[in-house]
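Subject: The structure I promised you

Hello,

Here is the structure I said I would pass on. Please have a look at it first, and then read on for what I found in it.

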Amino acid sequence: MTQTFHEETIEGNKGFWTIFPGLCKGCGLCIQKCPKKCMSWSDVLGVYGTPSVEINNEECIACGACQMFCPDCAIAVERKKKEEKH
Ligand code: SF4
Ligand code: SF4
């Protein structure tokens, strides 16, 4: 049997935030560590049937703290490149 990971990417003002629910164990560490307090539990279930997480894309600053603290690498954050100045 194979397990597929359906990731979901949310575009925020500052970057792209991706959750891999198949890796999320619902520990809540990311929610605790987010400096903007813009993370919450999601309706999508994680690997153990507990809620995974989502973000408020208007408030996320793409700082990467959630990615850094997640013990299971269930989050990936990619900052948008700064617009080139002319
Ligand atoms: S990237 Fe930073 S601001 Fe955005 S959800 Fe993660 S911890 Fe919060
Ligand atoms: S820190 Fe990782 S495993 Fe824990 S709730 Fe957040 S995304 Fe899920």
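A residue is taken to be near a ligand if its C-beta atom, placed from the backbone, lies within 6 Å of it. Please also keep in mind that this is a predicted model.

With that cut-off, 13 residues surround ligand 2, and the closest are Cys24, Cys27, Cys30, Cys70 and Ala74. Helix H1 (29-33) and strand S4 (51-55) are the elements that give two or more residues to this shell. By residue type, the shell around ligand 2 divides into eight nonpolar, three polar and two charged residues.

Around ligand 1 there are 14 residues, of which Cys34, Cys60, Cys63, Ala65 and Cys66 come nearest. The shell of ligand 1 consists of 12 nonpolar residues, one polar and one charged.

Now for the overall layout. The protein chain has two helices and five strands, and from the N terminus on these run β-β-α-β-β-α-β. Of its 86 residues, 20% count as buried. If you take the contacts between residues at least 6 apart in sequence, 55% of them join residues at least 24 apart.

Three of the strands form an open sheet in the order S1-S2-S5, with antiparallel pairing. Strand S1 (8-11) and S5 are at the edges with a single partner strand each, so one side of each has no neighbour in the sheet. From one strand to the next, the twist averages 15 degrees.

Here is how the strands of that sheet are joined:

- S1 and S2 are antiparallel and pair over four bridges. They form a hairpin, with three residues between them.
- S2 and S5 are also antiparallel, and they pair over five bridges.

Strand S3 (residues 39-45) runs antiparallel to S4, and four bridges join them. Met39 stands opposite Ile55 in S4, and Leu45 stands opposite Pro51. S3 and S4 form a hairpin with five residues between them, and Gly49 in the turn has a positive phi of about 80 degrees.

Next, the core. The largest nonpolar core has 14 residues, and Cys30, Met39, Cys66 and Ile75 are those with the most contacts inside it. Strand S2 (15-19), S4 and strand S5 (75-79) each supply at least two of the core residues. In soluble globular proteins, nonpolar side chains tend to be buried together.

Several of these names have come up already. Setting aside neighbours within four places in sequence, Cys30 is in contact with Met39, Val53, Cys66, Phe69, Cys70 and Ile75.

Is Ala74 buried or exposed? It has 25 C-beta neighbours inside 10 Å, and the threshold for a buried residue is 20 or more, so Ala74 counts as buried. Not counting residues up to four places away in sequence, Ala74 touches Ile19, Phe20, Leu23 and Cys24. Ala74 and Lys25 are 49 residues apart in sequence, yet their C-alpha atoms are 8.7 Å apart in space.

Lys36 is found in the loop between H1 and S3. It has 13 C-beta neighbours inside 10 Å and therefore counts as partly exposed. Leaving aside neighbours within four places in sequence, Lys36 is in contact with Glu59, Cys60 and Ile61.

Best wishes

Conventions:
Residues are numbered from 1 along each chain as its sequence is written. Chains are lettered from A and ligands numbered from 1 in the order in which they are written. This is a predicted model: local features need pLDDT of at least 70, side-chain atom pairs count only at pLDDT 80 or more; totals for chains, interfaces and linings use all residues. Ala, Val, Leu, Ile, Met, Phe, Trp, Tyr, Cys and Pro count as nonpolar, Asp, Glu, Lys and Arg as charged, and the others, Gly among them, as polar. A nonpolar core is a set of buried Ala, Val, Leu, Ile, Met, Phe, Trp, Tyr and Cys residues joined through C-beta atoms within 7 Å. A residue is buried if 20 or more other C-beta atoms lie within 10 Å of its own, exposed if 12 or fewer, and partly exposed in between; C-beta atoms are placed from the backbone. Two residues are in contact if their C-beta atoms, placed from the backbone, lie within 7 Å. Two strands pair if DSSP finds at least two bridges between them. Axes are lines fitted to C-alpha atoms, for helices over the stretch in contact, and angles run from 0 to 180 degrees between N-to-C directions.
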